[in-house]
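Subject: Handover of a structure

Dear colleague,

Please find the structure below.

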Amino acid sequence: MFKIGYRTAKTALGTTISIILAQFIGLEYYTSAGIITILCIQVTKKKSLRSSWERFLACSLAMIFSFIFFEGIAYHPLIIGLLLLLFIPATVIVKATQGIVTSTVVIFHLFSTNHITFQVIGNELLLVTIGIGVALVMNLYMPSVEKKLKNYQIQIEENLASIFHEIELYLIQKDRRWDGKEITITAQLINEAKTLAFRDVENHFLRHENSYYHYFKMREKQFEIIERVIPSITSIHIAVEQSKMIADFLHELKVNIHPGNTAHKYLVQLLNMKKSFEEMDLPKTREEFEARAALYHFIREMEQYLIIKSHFKGMEP
């Protein structure tokens with residue numbers, strides 16, 4: 001079974017209302033009001049408002065151009081081409097390119113009258129006003145995405161915990177096998193979550209930021225670090241004392257992944273661990289040296305991972 005989305009339902013309802021209103025008032029070309037409504041309903045409130053303004057501006061400009069060209073020169077198909085040749089660049093200049101299609105309909109209406117009067121202009125203005133007005137009213141309703149954003153947050157955190165779990169196990173068991181599917185899935189989840197969070201910002205006229213958007217941006221930066229360190233970890237083929245210490249640290253870190261900000265606590269732990277490493281005996285073999293170098297690099301990267309989180313103001317878990 002196919003699913004009808006809220007935007008489809010709004011478009012169908014809005015188009016019907018526009019046509020009924022235009023027909024009730026007795027406007028010529030009343031079905032055009034429905035076309036304008038379809039074009040103006042967008043995925044967010046801000047996009048709808050911008051689209052509506054551009055279309056109204058372009059249509060107003062189209063009426064001026066039509067009067068000058070049709071009444072000033074002639075009502076001939078060649079004149080339509082000449083008009084569009086100048087009209088389209090004009091819409092680009094005034095930043096109303098979204099209204100080109102809508103305004104072209106107005107131009108054709110005016111051309112078909114063979115004589116532009118105040119009554120004809122009034123008819124077109126009412127068509128545009130009804131079409132845009134109904135679309136704006138329809139777009140006042142936007143379903144809440146809070147639940148979806150929360151689900152994305154939970155899934156991303158679970159995946160990060162799973163990745164840390166796999167790194168922890170590898171540090172202890174060198175023969176550990178992992179397909180790494182969480183890496184691909186997490187990257188996709190972060191991109192989808194950022195897009196949805198940005199759309200939520202666009203649905204609020206007085207809100208210019210979204211805590212979820214900042215949260216997903218923060219996780220994206222952390223995830224980039226995780227992607228960088230995995231090759232370093234997998235290059236370690238022998239067990240050293242430091243491996244167990246880092247594994248214990250990751251174990252505690254993975255069970256405390258949440259939207260709150262406790263990064264400073266783990267930064268202190270990481271600093272103490274670095275000091276412990278510096279006080280240990282120097283490596284005795286080349287393999288041990290390479291392993292400890294990789295682990296030290298991992299610690300440095302994890303420090304950046306935690307610093308990124310420390311700059312995030314935190315959210316309610």
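In the residue classes used here, Ala, Val, Leu, Ile, Met, Phe, Trp, Tyr, Cys and Pro count as nonpolar, Asp, Glu, Lys and Arg as charged, and the others, Gly among them, as polar. By these classes, the lining of the largest pocket has 7 nonpolar, 1 polar and 2 charged residues. A pocket is an open set of points on a 1 Å grid over the protein atoms alone, where a 1.4 Å probe fits, with protein on both sides within 12 Å along at least five of seven lines; lining residues have an atom within 4 Å of a point.

This is a predicted model, in which local features need pLDDT of at least 70 and side-chain atom pairs count only at pLDDT 80 or more, while totals for chains, interfaces and linings use all residues. Residues are numbered from 1 along each chain as its sequence is written, and side-chain values use heavy atoms, with hydrogens and water left out.

Among the residues that line the largest pocket are Gln242, Glu278, Arg292 and Tyr296. Helix α12 gives the largest share of this lining, 4 residues (helices are DSSP runs of H or I, at least four residues, numbered from the N terminus).

Tyr29 lies in the loop between α1 (6-25) and α2, and Lys95 in the loop between α4 (77-93) and α5 (100-113). Lys95 is exposed, at 67% relative accessible area (exposed means over 50%, with a 1.4 Å probe and protein chains only).

Yours sincerely

Definitions and conventions: Helices (H or I, at least four residues) and strands (E, at least two) are DSSP runs, numbered from the N terminus. Buried means under 20% relative accessible area, exposed over 50%, partly exposed in between (1.4 Å probe, protein chains only).
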